[in-house]
Structure formats: C-alpha cells, structure tokens
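Subject: The structure you asked about

Hello,

Here is the structure, with the sequence alongside. My notes on what turned up follow just below.

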Amino acid sequence: MTMIKNFHPSICNPIFLRIFATLFLVDGTMKRILLILIILAAATGATAQNRYIARGAEPGELYISGGWYGTYDKVYGAPYYDTLRTAIFRLTENGKKLTIQYDDDALVGNPDEMSSGIILADATPGVVYCKNYYGKNDSYSYTSLWVSFDYGKYWTFREENIGQLFYYVADFEGLIYRGGGGEVSKSIDNGNTWQKIKDQGYSLNGECGLDSCELFGITGSSIPWNLYHTYNWFDSYDTIPIDTQFVGGSVGYDTPDVYRGGLPGEVYISSWFPDWTYKASFSADTGHTFRQVFVSEPDPLVANNYGINFMSDRESGVFYIVRGYTVYEGEGFNLKGHHIKICVDYYRDYGDTFVDTYCHELTKDYGNEVGIAETEEEEGIVVYPNPTSGVLRVTSYELRVTGIEIFDLMGKNVLSQKAESGRQKELDISHLPSGMYFVRVMTEQGIINRKIVKY
C-alpha cells in the first residue's frame, strides 16, 4: 500500500532536513514526522526570494529543487538520515520530460559543498544558479551562491557572504543583481565579479522584469497589499494597491508572490485565500488591472497548502501549476520509505487553454529508468575532472583520438592539440578565464562534443 500526501519543495532544503532528522530520531512516530513537516513548511513559505522552482532560459523549461526519496529504519520507522536525498530536476517540453540533473545527500552538513537549494536562472541557455542560507559555529547566518553552466549537472562556487542576501536574476545573459548589507551590486559575468551600483538599506521580495533592471515586488503583511514596480532600483517607482479579489494574504506564512510575463508590462501574482483556494492572476498593464487565470479547488488542510506552486514561462501566455506529492511506501510502523511525485499542469493563452498534465513518479530507481543525465563513458570518451581548476584529461576507452579543440561561449578556439598517444591526453587550461567551454574531441570515427566548467 502507498500513501500520497502533498509536499512543498522548501521543506526539503538541507538545513531544515538536518533539523527534521535530529528531531525525528528522538521520537520515531509518523505523527511526529507529519508535525515536523507542517512546522517546517510554515517556516519556509515560498516567495520570489525563496523559490524552489524557476523558469529556465528556454521556453518550456523549468527547474525544481527539492527532496527525492528516503528509506526507513526497520526498527524505529524513522528515515535513515544518510538515505535522505535531494535533487535538482530539469523539466523540458512544458513539463513532459523530467531529468535529475544533480543528486545529493540531503544532510551533507557542509556549507562548502553544493546542495540543492533556492533556484534561479537568467537568460543564458544552460545557466542556473543555486543559493543557500545556513549557519556556522560562530552563529552568524551565511548566504552562498553557486552557478552551473550545463543545465544543473556540474556546479561552480561563486561566493559566500555573512547575512541573508538576496539575488535578482535579470532577463539578460550573465546579468545578476545582489541585494543586502546596505547596498545593491551587479555582475555581468554570472556572479564571477561584482560592482556596487548604489547604497540601499533594504531589499524587496521580488523579481526582475524584462528591462535592465526592472523590478516587480509585493509588499505588505495585511490588507492592502501593494505591487511595487521600478526601472531604476527605487530612485523612482510606482506603488499600486492590489484588490483583495486577487491577493488573499498570508496562509501559514506563505505570502503572495509576483512573476514576470513574457512581454513588457505582463505580470502575474499568486496567493492563497481564506477559503483555502490558491489563485493566480494576470495583468497586461504592469499591475494596474488584473484578472484571474487559475483557481484551485478548496483545500482546508494546512499541510496540503504547500503542495502547489505557480510559475510563468518565458513564452507569453504560458504558465504552469506544479504540484508535489510525497508517496509513502507501506503504512503505520511498516513504512519502507518514501519518494516524490511531481505533476505539472500546462496552460496556454493566459489560462484559457489547458493543454495537459504531466506526472513523474520519482522512485529510487528513476535515474535508471529515465536517466540522470547520461554518463560520458557510454560513448567511450571521458573528459574529467569537470569542473576543473586547470588540468583536463581526455581518455578514450574504445575510440582513437586524433585531436582536441576547446572553444569558449563565443565560439572562439582557445586551445588546439593533437592526441599523439591516441588514448589519453592531458591539457593545461589553467590560463583560461573561469566559465564554461566546449571541448571537441576528434576521433577516427567522428567528432564528440563535451561541455566543461573551468573555475
């Protein structure tokens, strides 16, 4: 028998899973599990600055960060803390296809390691960011930022800062803003270098629009809620009250959220309402007028309120309702484990056309069935380590390699070498700037292309 219960991806943040495992091992009952899940969900409401879902750079592409599966102790029924897994999922074809790009230990316990956290993506194909909040022994809170250049498979550490910082990913390739600590900075090279652009004592919970840097945000803690809109980081801005028909308020600390559309002036908002419905509304005139485009069925259970997320697409008029479910295998004290099921409702024409629902059952062997991204060994060529700080090795198990070329993102050839040994070649790329590169491996049977990250 299986039991299915809605989940909210934010409860799978590794920090909260560490708390979850500690408390659960003290009291091994399912009631204790569910109580902790509810508490954690309430403490980590989804907002624009704390999303575990992001639109990709390509139309029809989404990223989700969250829990995957765990197996349970046969005696206590508690999840083995070292079997809880989180992952970064990439959805393409408007949710029809899902691949697990990055799989990691939920309780890694090391802030210096990349762990599945809050997801962002700019307009660069293949680029996705991950930020994490955590504490250290000195009791300060920290924020780290990582970046991937290959759709979330390999990650490069960018920075760590004291305090809870905010990142705003603009709709431009390589452009990302950072707020917090009394200033706003920007980077045009995917967070590798930063330049302060102004002093500002606060950061808004919002996201960038289509201009550089247009920013939308929702402010308020009760009625009336307001939509903020600025093109210049609040040197000037509009404050637009939102009618209570479109913003209900906070439910379990899950506050209203704002999303940009696919055309200038388009903006969406989502909100829970006192009647336990979840609604999404759309505006074509920068928030001055709205109309509802999605209304869920009422759900009076607080825990279930965290099993639904909205996300707009880069294509105008397209949006998604993403639902998550925890599937328990077994029942009572005979639970064997759990895994996650993700369903995506795909809408077009600003909600007028419902296309389909795509569901993905992420069992423990999902990677074997559909594929965590295919390994390079399957083609007989391995390029490693990836990412690398300087030394790159190309090994062939079956094919004879005749030459290797490396290109940057602009298509410029930055390195060419012959492979005299035919089976293995070591290249020194320490002189190349940090970033993503394309490796062209020429063999007697043809050309094989790889992507690498130099940090």
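Let me start with a charge and a ring: the charged end of Lys-279 sits over the ring of Phe-273, 4.3 Å from its centre. For this I ask that NZ of Lys or CZ of Arg be within 6 Å of the ring centre and within 35 degrees of the ring normal. Arg-178 does likewise with Trp-194, its charged end sitting over that ring at 4.5 Å from the centre.

Before going on, please note that this is a predicted model, in which local features need pLDDT of at least 70 and side-chain atom pairs count only at pLDDT 80 or more, while totals for chains, interfaces and linings use all residues. Residues are numbered from 1 along each chain as its sequence is written, and side-chain values use heavy atoms, with hydrogens and water left out.

**Aromatic rings**

The count of aromatic pairs comes to 20. Rings of Phe, Tyr and Trp (its six-membered ring) pair if their centres lie within 6.5 Å; planes under 30 degrees apart are called stacked, over 60 edge-to-face, and the rest tilted. Tyr-102 and Trp-155 are an edge-to-face pair, because their planes stand at 75°, with the ring centres 6.3 Å apart. Tyr-102 belongs to strand β5 (residues 97-105) and Trp-155 to the loop between β8 (141-148) and β9 (156-162), so the pair ties together parts 53 residues apart in sequence. Strands here are DSSP runs (E, at least two residues), numbered from the N terminus. Both Tyr-102 and Trp-155 are buried; buried means under 20% relative accessible area, exposed over 50%, and partly exposed in between (1.4 Å probe, protein chains only).

Phe-282 and Tyr-350 make a tilted pair, 4.5 Å centre to centre with 40° between the planes. This pair links distant parts of the chain, 68 residues apart: Phe-282 is in strand β20 (residues 278-283), and Tyr-350 is in the loop between β24 (337-348) and β25 (353-362). Phe-282 has a relative accessible area of 6%, so it is buried. Both rings also belong to one aromatic cluster, whose members include Tyr-259, Phe-310 and Phe-354.

**Strand β3 and its partners**

Nine of the ten residues of strand β3 (residues 62-71) are buried, so the strand is largely enclosed by the rest of the structure. Strands pair if DSSP finds at least two bridges between them. β3 runs antiparallel to strand β2 (residues 53-55), joined by three bridges, and Ala-54 has Tyr-63 in β3 as its bridge partner. Six residues lie between the strands of this hairpin, where Gly-60 takes a positive phi near 80°. Seven bridges join β3 to strand β4 (residues 85-92), again antiparallel; here Tyr-63 is partnered by Arg-90. β3 is also joined to β24 by three bridges in the antiparallel sense, with His-338 in β24 as the partner of Gly-70.

β10 and β11 (residues 176-180) are joined by four bridges, and Phe-166 has Gly-179 as its bridge partner in β11.

The other open sheet runs β14-β15-β16-β17, also antiparallel. β14 (206-208) and β17 stand at its edges with a single partner strand each, so one side of each has no neighbour in the sheet. Five bridges pair β16 with β17, and Trp-225 stands opposite Ile-242 in β17. In the loop between β16 (225-230) and β17 (238-242) you will find Ser-236, which is partly exposed at 40% relative accessible area.

**Cysteines**

How many disulfides are there? The count comes to one, taking a disulfide as a pair of cysteine sulfur atoms within 2.5 Å. Cys-343 is joined to Cys-359, S to S 2.1 Å. The torsion about their S-S bond is about 110°, so the disulfide is right-handed. Cys-343 lies in strand β24 and Cys-359 in strand β25, so the pair ties together parts 16 residues apart in sequence. Cys-343 counts as buried at 7% relative accessibility, whereas Cys-359 is partly exposed at 41%. Elsewhere, Cys-130 is buried at 0%, and Cys-208 is buried with a relative accessible area of 0%.

Best wishes
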